[in-house]
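Subject: Structure handover

Hello,

Please find the structure below, with its sequence. My notes on it come after.

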Amino acid sequence: MAAQRKAAHRKPKQRLFTGPAARTAATLALAGAATATAFDGAAQAEPQLTPAQVKAKVDRLYHDAEVATEKYNGAKEEAAASEKSLDALRDEAARRTERLNSARNALGSFATAQYRTGGIDPAVRLALSSDPDQYLERAAFEDRAGDRQAGALNGVRRQVSEIAQLRARAENELEALTSRRAELRTQKDTVRTKLADAQRLLATLTAAQRAGYERAADDAHGGPARADRGIPRGATAATDARTAQAVAFAYGALGKPYVWGATGPDSFDCSGLTQAAWRAAGVSLPRTTYSQINAGNRVSRSELAPGDLVFFYSGISHVGMYIGGGQMIHAPRPGAPVRVAPISEMPFAGATRVA
């Protein structure tokens, strides 16, 4: 009886699906898993961009890269100035330290002489002298020499203070240089990242779409650059020899590649081209777009003349050289060499007359 009661209270085992039921359950489970995976993949996958969207993103990346390029150029110029200043401070400190060591050696010799003779009372030295008159003359000379040595001692103290100040300035300049080099690395990384992203997006286009993008870019930038095509329609001659020389340099650069951070002679970025052109005419321009715009007298768009620098975008991130007829010569972007283009192709921000 006990065994029967125990068997009655025991729960029956739950059996797994077998046969057709098992196959049905497995099919439903797999279908559910596939559906979940499909939804997860759809949620995580990036949407396919149209060629127009790719073009818009690539253009934006190129613009961002140019902004970073100008910041890189500025940081590079500042770092070079800091390095030059630091070298000058260190050289001056070394020269002054050398002079200080010479003055210290002279004082050391005088102190040694004083030690050797300073222990004898002057009256005794006079009494023992075989020639009192000569002794008195020597004593007067030593008094004068003592005055001079006191002056030399003060000079040494002054030199020590000046050298300490020089070294403090050098330390400050070193800190500034370190900061500017860090900024340089940051902007360099930004430029490279933007350009790599642009190339990655362009790689998603077919060959025909890529060719279409390049044709559209050429049309927007005034057509393919040619160094032998002469003065474009509407361009005018420069009014003075120096400006003419700068404009001639820009024409000579037609067809040369855009390379960010480059100032010639074989490649240029936008501000590198304008700087090199005016340097050929004997005029020194600063390195960046946002400093070049303040390197001359501002002129309005209606007053533009050949040789004027024309600037674009609200952040003053692009520059070209005006050649007349609403045209400029500029270095547009990677993959687009130095060329003639209308100034209307980008948001106009201002103009500067250098000469």
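The notes below go from the whole chain to single residues.

Overall picture

The model is predicted, so please look at the confidence values before anything else. The protein chain has nine helices and six strands. Of its 355 residues, 33% count as buried. Among contacts between residues at least 6 apart in sequence, 67% join residues at least 24 apart.

Confidence

The mean pLDDT of the protein chain is 79, and 67% of the residues reach 70 or more. Confidence is lowest in helix α2 (residues 20-44), with a mean of 42, and highest in β2, with 98. Over residues 1-45 the pLDDT is below 50, and this stretch has two contacts in the model beyond near neighbours in sequence.

Helices

Where does S82 sit, and is S82 buried or exposed? S82 is in helix α3. S82 counts as buried because its relative accessibility is 1%, and the cut-off for buried is under 20%. Leaving out residues up to four places away in sequence, S82 touches E173, A176, L177 and R180.

Helix α8 (270-280) is mostly covered, with nine of its eleven residues buried. The buried residues are C270, S271, G272, L273, T274, Q275, A276, A277 and W278. After α8 comes G282, which has a positive phi near 85°.

The cavity

How many cavities of 30 Å³ or more does the structure hold? There is one. The largest cavity has a volume of about 50 Å³. The residues that line the largest cavity are Y62, A65, E66, T69, V191, L195, Y258, W260, P332, R333 and P334. By class, the lining has eight nonpolar, one polar and two charged residues. Helices α3 (51-117) and α5 (132-202) each supply at least two of the lining residues. The largest share, four residues, comes from α3.

An α-helix has 3.6 residues a turn, so residues three or four places apart point the same way.

Strands

Strands β3 (318-324) and β4 (residues 327-330) run antiparallel and are joined by three bridges.

M328 has A341 as its bridge partner in β5.

Backbone points to check

Most residues other than glycine have a negative phi, and most peptide bonds are trans.

The peptide bond from G264 to P265 is cis, with omega near 0°. P265 is found in the loop between α7 (241-252) and α8.

Y313 has a positive phi, near 75°, and is not a glycine. The loop between β2 (309-312) and β3 holds Y313. Y313 counts as partly exposed because its relative accessibility is 24%, and partly exposed begins where buried, under 20%, ends.

I316 also has a positive phi in a residue other than glycine, near 50°. I316 is placed in the loop between β2 and β3. With a relative accessible area of 16%, I316 is buried.

Regards

Terms used. Residues are numbered from 1 along each chain as its sequence is written. This is a predicted model: local features need pLDDT of at least 70, side-chain atom pairs count only at pLDDT 80 or more; totals for chains, interfaces and linings use all residues. Side-chain values use heavy atoms; hydrogens and water are left out. Buried means under 20% relative accessible area, exposed over 50%, partly exposed in between (1.4 Å probe, protein chains only). pLDDT is the predictor's confidence in each residue, from 0 to 100. Contact means heavy atoms within 4.5 Å. On a 1 Å grid over the protein atoms alone, a cavity is a set of points where a 1.4 Å probe fits but cannot get out, and a pocket is an open set with protein on both sides within 12 Å along at least five of seven lines; lining residues have an atom within 4 Å of a point. Grid points are joined across faces, edges and corners, and a volume is the space filled by probe spheres set on the points. Ala, Val, Leu, Ile, Met, Phe, Trp, Tyr, Cys and Pro count as nonpolar, Asp, Glu, Lys and Arg as charged, and the others, Gly among them, as polar. Two strands pair if DSSP finds at least two bridges between them.
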